[in-house]
Amino acid sequence: MKKILIPIAIFFTFISCQEKFPVLDSWGSANYNLVNQDGEKVIFPHALKGKVSLVTYIFTNCPDICPLTTNNMRLIQERMKKEGINHVDLYSISFDPEVDTPPVLKKFAEMRDLNLSNWQFLTGDKKEIDDLIHQIGVFAVRGDSTVFEDGKTIYYYIHTDRISLVDKEGKIRKNYPGSTTNIDEVINDLKDFNE
Amino acid sequence: MKRILISVLALFLITACGTEKKEEMKTEAPAAIEQTSTNLEITNGWIRPSAKGTNTAFFFDAVNGTDMDDTLLTVESDIAEVVQVHETYQADKGMMGMREVKGVAIPKDSTVNFKPRGLHIMLIKLKHDVKTGEEYKLKLNFAKKGSLEITAPVKDMLTKQTMGEHKH
């Protein structure tokens, strides 16, 4: 009897974890050539494999939602450190790569005094970024704009507000509302999730 | 023996993935503002830090303690090339957007919160870095009150999100 129940318990444990963190989406076999805030090449999502990741999608000209999401990532990072969670890396991907060059992303992080020890800001070729975000159902559409005297235009995006929990295989297992993320919920999930 | 094993199995399954904690999102109600004023005032103003050439936002509470409705028309600031009144809104498919609004009603005997995820003053294309700890002057132009000059500090991100509301 005992011999039967133990495999059943293991099986149901696996199933119940799958139910809590089901695979929602993935980048499939695709890889994208990105660069981080220091101009270093990052093959995404290949670079994520082997660690759990939190990934968010932002643009630095965003005055409201993206700073809130970025702040939530920072709060999560601080709680992770406090609670000894060290199996998770953070990534912020810009969907406005024409503006968000590596120096712009670096300055964005510096102005907010962000700890980049396990957090990278990523950008790249526009088509590459568009393909990357569309693959997992993240949208960023140009909305209002401001035209300056010198003819330059700043675009404001209507965009998905999301932080994704990504497993060690690069598959998305849960999405949180980026700017209103419940930090406690994320921390509890990270304590449970190390796949 | 069978009953014990089944109970142990059930308990194991419940706790296998950790306890599902259904905690409410931590939000704080805006600080209560005693409307003892008989004037139209700007309180709790603050600006988010941001780098030269980028955008940021100015937030505040507009407290109208008078018996007259008023309207915020425009805002002026020397630190940005363009200043606009904006609102953040929820679009389709859970997307968030932002748009310019022409004038914001500040009804009599009420407080209108310009807050994250809501109304805000957009400071576009900053002329220099705007750093935490600094202070900047802004001029708010109302239809009836005229101009109000205030000084707002640059503050780092909130440690907790505040979700203001429009009170009457």
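**A tour of cores and strands**

Visitor: Which residues have the most contacts inside the largest nonpolar core?
Guide: This is a predicted model. Its largest nonpolar core has 49 residues. Inside that core, the most contacts belong to Leu54(A), Ile76(A), Phe95(A) and Phe108(A).

Visitor: Which helix of chain A gives the most to this core?
Guide: The top contribution comes to seven residues. They sit in a helix of chain A spanning residues 65-82, and that is helix H2.

Visitor: Leaving aside neighbours within four places in sequence, which residue of chain B is in contact with Phe108(A)?
Guide: Contact here requires C-beta atoms within 7 Å. With neighbours within four places in sequence left aside, Phe108(A) is in contact with Thr60(A) and Phe121(A), and also with a residue of chain B, Ala51(B).

Visitor: How many strands are there in chain B?
Guide: Along the sequence, the pattern of chain B opens with α and continues with β. Besides one helix, the number of strands in chain B is ten.

Visitor: Which are the edge strands of the open sheet in chain B?
Guide: Four strands of chain B form this open sheet, with antiparallel pairing, in the order S6-S3-S9-S10. An edge strand pairs on one side only, which holds for strand S6 (104-106) and strand S10 (146-153).

Visitor: In S9(B), what is the bridge partner of Leu72(B)?
Guide: Strand S3 (residues 70-76) and strand S9 (residues 135-142) of chain B run antiparallel and are joined by four bridges. In S9(B), Leu72(B) has as its bridge partner Phe142(B).

Terms used:
Residues numbered from 1 in each chain as written. Chains lettered and ligands numbered in written order. Predicted model: local features only at pLDDT ≥ 70, side-chain atom pairs only at ≥ 80, totals over all residues. Core = buried A, V, L, I, M, F, W, Y, C linked by C-beta atoms within 7 Å. Buried ≥ 20, exposed ≤ 12 C-beta atoms within 10 Å, placed from the backbone. Helix = DSSP H or I, 4+ residues; strand = E, 2+ residues; numbered from the N terminus. Contact = placed C-beta atoms within 7 Å. Pairing = 2+ DSSP bridges.
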